[in-house]
Amino acid sequence: MAHRLAGRRRLALAFGLGLLAALGQAPWGLWPLTLAGLAGLVWLVTRAEGARPAFWIGLAAGTGHFALALSWIVEPFLIDIARHGWMAPFAVLFLAVGLGLFWALAAALARRARLPALGFVASFTVLEWLRGVIFTGFPWAMAGHVWIGTPPDQLAALAGPSGLSLMALLVAALPVMWRWRGLVASGVMLALAFGFGLWRLDQPMPGDRAVTLRLVQPNAEQSLKWDQALADEFLGRLLDLTAEGMPADLTLWPETAVPFMLEYAPTVADLVVAASNGRPVVAGIQREEAGRYYNSLRILEGEGEERVRYDKAHLVPFGEYIPFGDLAYDWFGLRAFAAQAGATYSAGPGPMVLDLGPMGKVLPLICYEAIFPRFVNAAPERADWMLQATNDAWFGVWTGPFQHFAQARLRAVEQGLPLVRVANTGVTAVVDARGRVVAALPFGRMGALDAALPGALPPTPYARWGDGPVLLLLAGLGLLALRRPRRNAH
């Protein structure tokens with residue numbers, strides 16, 4: 001009985017350490033607490049009596065971490081409470097436990113290593129990378145994300161988000177491995193990371209492009225956005241903000257900003273370009289083709305003609321499509337939350353770089369696509385800047401939009417490219433090629449932001465080589481953790 005009680009206390013402690021580790025994520029940014037939580041977790045795992053107890057410790061910690069960090073996942077279910085509200089607690093539970101399994105497996109693998117603390121560092125970081133890949137991927141609330149907005153985030157230009165996670169795990173684990181000597185080593189590692197980041201942030205930046213952007217934030221409440229009685233009002237907000245003052249060289253509207261489809265309301269395109277005085281507008285507008293529906297960015301200019309478009313390629317499971325969607329709709333009537341046209345969206349062909357002439361070459365990213373560094377690295381050619389159009393009104397006002405924005409900022413650091421982000425309710429901002437916010441609109445307010453387009457840096461090591469070098473390093477650490485000492489021949 002006493003042993004069982006002690007086990008429950010360890011699980012409760014692990015759950016609490018996971019909660020503590022989550023406080024380094026945006027918007028809290030308390031990264032020292034993340035390091036403390038991870039250090040406590042490493043200590044618990046190294047003292048677990050075998051792989052099975054370690055598995056449960058990892059699962060408890062991971063569940064606590066993701067339950068807090070991803071608590072915003074309830075927000076989409078509260079848009080239409082009568083229909084979807086009952087699903088909210090199950091969504092939090094299943095997502096937290098499902099992602100917690102990655103932590104659990106890392107802990108179990110660590111207990112099979114000769115050096116369990118180092119084994120946990122290596123397996124945890126590899127499994128964090130893996131959860132960004134399998135089952136379409138979900139690399140949200142990674143340990144390395146706690147560095148975003150601090151000087152060490154500049155290491156992402158060398159090693160990407162997995163490199164940042166590796167640093168966080170090493171800083172947390174070294175004191176557990178070597179006590180006071182490990183504490184000194186962690187301090188040195190942090191000092192070097194901050195020093196490198198401050199040095200890189202102090203380097204000269206390229207000049208702005210001779211382009212004026214107008215970012216439009218209509219602040220349409222998600223529960224009312226598709227109300228046909230309010231469609232003209234929300235379109236009017238976009239048109240009025242676009243027409244204010246001198247016309248910009250390029251105007252940017254958020255994801256699914258227009259509550260009409262051009263295929264059925266062609267005069268809308270005329271209104272859009274009239275507001276911009278014929279200059280190009282990048283607008284989030286759904287489209288239909290051959291019975292399929294797409295979440296698209298459509299560039300309108302001149303007298304209403306569509307210059308080019310981009311169809312979102314990496315869709316949100318259950319948000320924009322239902323796995324086995326035709327069967328799910330035909331048999332159970334299930335449809336994706338965000339698909340306002342048809343039961344689900346269809347995916348576009350993949351990442352594209354659009355040539356906008358004087359405005360340069362842009363890599364468009366619609367909402368969720370910006371959380372995937374591999375998706376950005378898969379672009380067919382190097383762009384001059386990145387554009388993220390999103391509708392974060394789905395994610396509430398507390399944590400989700402700010403975590404989403406933080407990850408978009410990290411893409412700028414990784415690529416050495418400026419990122420322009422336009423959102424329905426916010427965060428709408430311009431980020432330079434080192435991830436610094438140079439201009440932004442207040443969150444949750446209607447408005448327009450006129451800003452210059454920052455210049456681009458040369459390709460970073462991460463833009464060239466991706467995750468390969470870090471994964472090789474992790475393989476080496478894993479082998480070191482597993483290596484058995486040679487036995488004396490005598």
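The legends below describe close-up views of a predicted model. Local features are described at pLDDT of at least 70 and side-chain atom pairs at pLDDT 80 or more, while totals for chains, interfaces and linings use all residues. Residues are numbered from 1 along each chain as its sequence is written, and side-chain values use heavy atoms, with hydrogens and water left out.

Helix α8 covers residues 231–243; helices (H or I, at least four residues) and strands (E, at least two) are DSSP runs, numbered from the N terminus. The expected span of a helix is 1.5 Å times one less than its number of residues, so the 13 residues of α8 should span 18 Å, in agreement with the 18 Å between its end C-alpha atoms. Its buried residues are A231, F234, L235, G236, L238, L239, L241 and T242. Buried means under 20% relative accessible area, exposed over 50%, and partly exposed in between (1.4 Å probe, protein chains only). The cover over these residues includes β1 (209–217), β2 (250–252), α9 (267–275) and β14 (447–453). After α8 comes G245, with a positive phi near 60°.

The model has 15 aromatic pairs, where rings of Phe, Tyr and Trp (its six-membered ring) pair if their centres lie within 6.5 Å; planes under 30 degrees apart count as stacked, over 60 as edge-to-face and the rest as tilted. One of the pairs, W31 with F194, is tilted, with 5.8 Å centre to centre and 45° between the planes. This pair links distant parts of the chain, joining W31 in helix α2 (residues 31–46) to F194 in helix α7 (residues 156–201), 163 residues apart. F194 is partly exposed, at 24% relative accessible area. The pair F138 and W140 is stacked because the ring centres are 5.9 Å apart and the planes lie at 20°. F138 is buried at 15% relative accessibility, and W140 is buried at 2%. F66, W103, F120 and F124 form one aromatic cluster.

A salt bridge is a side-chain nitrogen of Lys or Arg within 4 Å of a carboxyl oxygen of Asp or Glu, and the count comes to 16. In one of these, the closest N and O atoms of E263 and R298 are 3.2 Å apart. The pair connects distant parts of the chain, with E263 in the loop between β2 and α9 and R298 in strand β6, 35 residues apart. E263 is partly exposed at 31% relative accessibility, whereas R298 is buried at 6%. Both residues belong to a network of salt bridges that links E263, R287, E289, R298, E306, R309 and D311.
E301 also lies in strand β6 (residues 296–301) and is buried at 18% relative accessibility. Its salt-bridge partner is R307, with 3.4 Å between the closest N and O atoms; R307 is partly exposed at 35%. Leaving aside neighbours within four places in sequence, E301 is in contact (heavy atoms within 4.5 Å) with V273, G278, R279, P280 and R307.

**View D. The salt bridge between K361 and E381.**
The side chains of K361 and E381 meet at 2.9 Å, N to O. K361 is in strand β9 (residues 361–366) and E381 in the loop between α11 (373–377) and β10 (385–390), 20 residues apart. K361 is partly exposed at 29% relative accessible area, and E381 is partly exposed at 37%.
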